[in-house]
Amino acid sequence: MSDLSPDLSPATVTVTGGRPPREPDAPLNVPISMASTYVAGGDTEYGRYGNPSWEAFEDVLGSLEGGRALAFSSGMAAVTTVLDLVGHGAKVVAPQHAYQGSIMSLADHEARGRLSAELVDIEDTAAVVAACADAALVWLETPTNPALELADIETIAAAAHEAGAYVVVDNTFATPLLQQPIALGADIVVHSATKYLSGHSDVLLGALVVDDDELYAVLKNRRSLTGSVPGTLEAWLALRGMRTLHLRVERAQANAQALLPRLREHPAVSEVRYPGFGAIVSIVLDGELAADLLVRKTSLWVHATSLGGVESTFERRRRWKTEARTIPEGLVRMSVGIEDADDLWADLSRALDQVVAHRPE
Ligand code: PLP
């Protein structure tokens with residue numbers, strides 16, 4: 001696989017990483033190898049231990065994050081692999097608002113008596129630092145889904161390491177282009193590659209990135225033992241998506257920032273939450289009915305869960321019974337896509353106008 005210079009900019013890494021050696025008639029992209037087994041005597045041997053398409057994807061993601069990546073069958077497969085790292089009775093500190101699957105997984109471990117969880121407000125750095133004292137693992141998601149709070153990774157990582165705890169950062173919302181947690185002190189970076197990395201709403205994939213060879217070996221072994229490995233085609237599609245990651249993130253972020261002032265001025269919107277970067281915006285409308293009306297009245301914006309695709313999607317998060325009860329009923333999480341910003345606003349503002357028109361007297 002390609003040997004990338006550490007001086008290359010992320011835009012060059014996304015395009016040039018994970019390529020086969022340049023030899024006459026070699027393909028420019030790693031071909032899809034549909035193989036469950038390999039001729040004995042090599043490094044791979046069996047389909048659960050490796051695949052050229054995973055490795056090409058891992059090559060690019062690892063270079064972007066500043067570590068070594070491992071691809072998983074989904075973001076949740078990556079999340080649960082990390083939670084299995086710590087022993088029986090260990091304490092995990094985690095955000096009170098984070099991806100509900102991660103929180104539910106933690107709650108499941110807790111219900112079985114395996115782990116204890118302390119959920120914290122990750123913007124309250126002093127409280128998080130205090131909670132780290134007897135922790136074995138500190139789980140950060142920043143920005144959080146869907147509250148869009150930010151954690152001070154550097155300060156929290158220093159406190160967690162003092163306690164001997166692993167520091168994990170779910171970097172799905174920011175992508176390695178906008179935030180590189182390993183450089184800020186994280187031990188493990190988690191991705192739902194289903195989102196921005198793949199970017200086209202057609203793949204489920206997860207990833208972990210670490211910069212410690214021993215930890216890499218432990219996690220890789222766990223992936224082999226649990227079989228939570230990605231499909232070959234999925235990894236190939238994810239890498240194809242990553243080739244344009246820098247362009248998509250730049251455009252989606254510019255679109256989000258173009259919408260912000262217009263959203264802030266619209267009378268249907270009582271609060272706009274934006275962490276200062278990225279393309280996820282959460283708006284708060286006047287309750288459940290207003291938010292449910294909004295998501296039914298657009299023609300460009302798609303009412304759908306998930307995020308990070310080229311198309312703009314949005315949803316009222318409390319429609320999920322598992323979402324934190326401290327998230328407002330009227331909060332709509334918007335994943336701003338790469339369409340034309342004026343077209344997006346025209347569609348959205350028409351729907352928001354209807355919300356105002358239907359307000360009860
Ligand atoms: N982490 C975050 C922040 C997410 O938003 C999601 C999914 O929405 C996940 C992890 C889980 O990833 P997946 O759906 O690929 O299993």
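Modeller: One term first: helices and strands here are DSSP runs, numbered from the N terminus. The model is a predicted one.

Colleague: Where is arginine 114 found?
Modeller: In the loop between helix H4 (100–111) and strand S3 (115–120).

Colleague: Is arginine 114 buried or exposed?
Modeller: Arginine 114 counts as buried because its relative accessibility is 16%, and buried means under 20%.

Colleague: What does the side chain of arginine 114 reach?
Modeller: The backbone oxygen of leucine 83, at 2.9 Å. Leaving out residues up to four places away in sequence, arginine 114 touches several others, including Asp84, Val86, His88 and His109.

Colleague: New topic. How many residues of strand S9 are buried?
Modeller: Six of its six, residues 280–285, so by the under 20% cut-off the strand is mostly covered.

Colleague: Which way do the S9 residues point?
Modeller: Ile280, Ser282 and Val284 point one way, while Val281, Ile283 and Leu285 point the other way. In a regular strand, side chains alternate between the two faces of the sheet.

Colleague: And which strands pair with S9?
Modeller: Strand S8 (residues 269–273) pairs with S9 in the antiparallel sense over four bridges, with valine 269 opposite leucine 285. Strand S12 (residues 331–335) also pairs with S9 in the antiparallel sense, over five bridges. There, isoleucine 280 stands opposite serine 335.

Colleague: What lies between S8 and S9?
Modeller: Six residues; the two strands form a hairpin. Glycine 276, in the turn, has a positive phi of about 105°.

Methods: Residues numbered from 1 in each chain as written. Predicted model: local features only at pLDDT ≥ 70, side-chain atom pairs only at ≥ 80, totals over all residues. Heavy atoms only, no water. Buried < 20%, exposed > 50% of the residue type's maximum accessible area, 1.4 Å probe, protein only. Polar contact = N/O pair within 3.5 Å; in protein donor to acceptor, adjacent residues only side chain to side chain. Contact = heavy atoms within 4.5 Å. Pairing = 2+ DSSP bridges.
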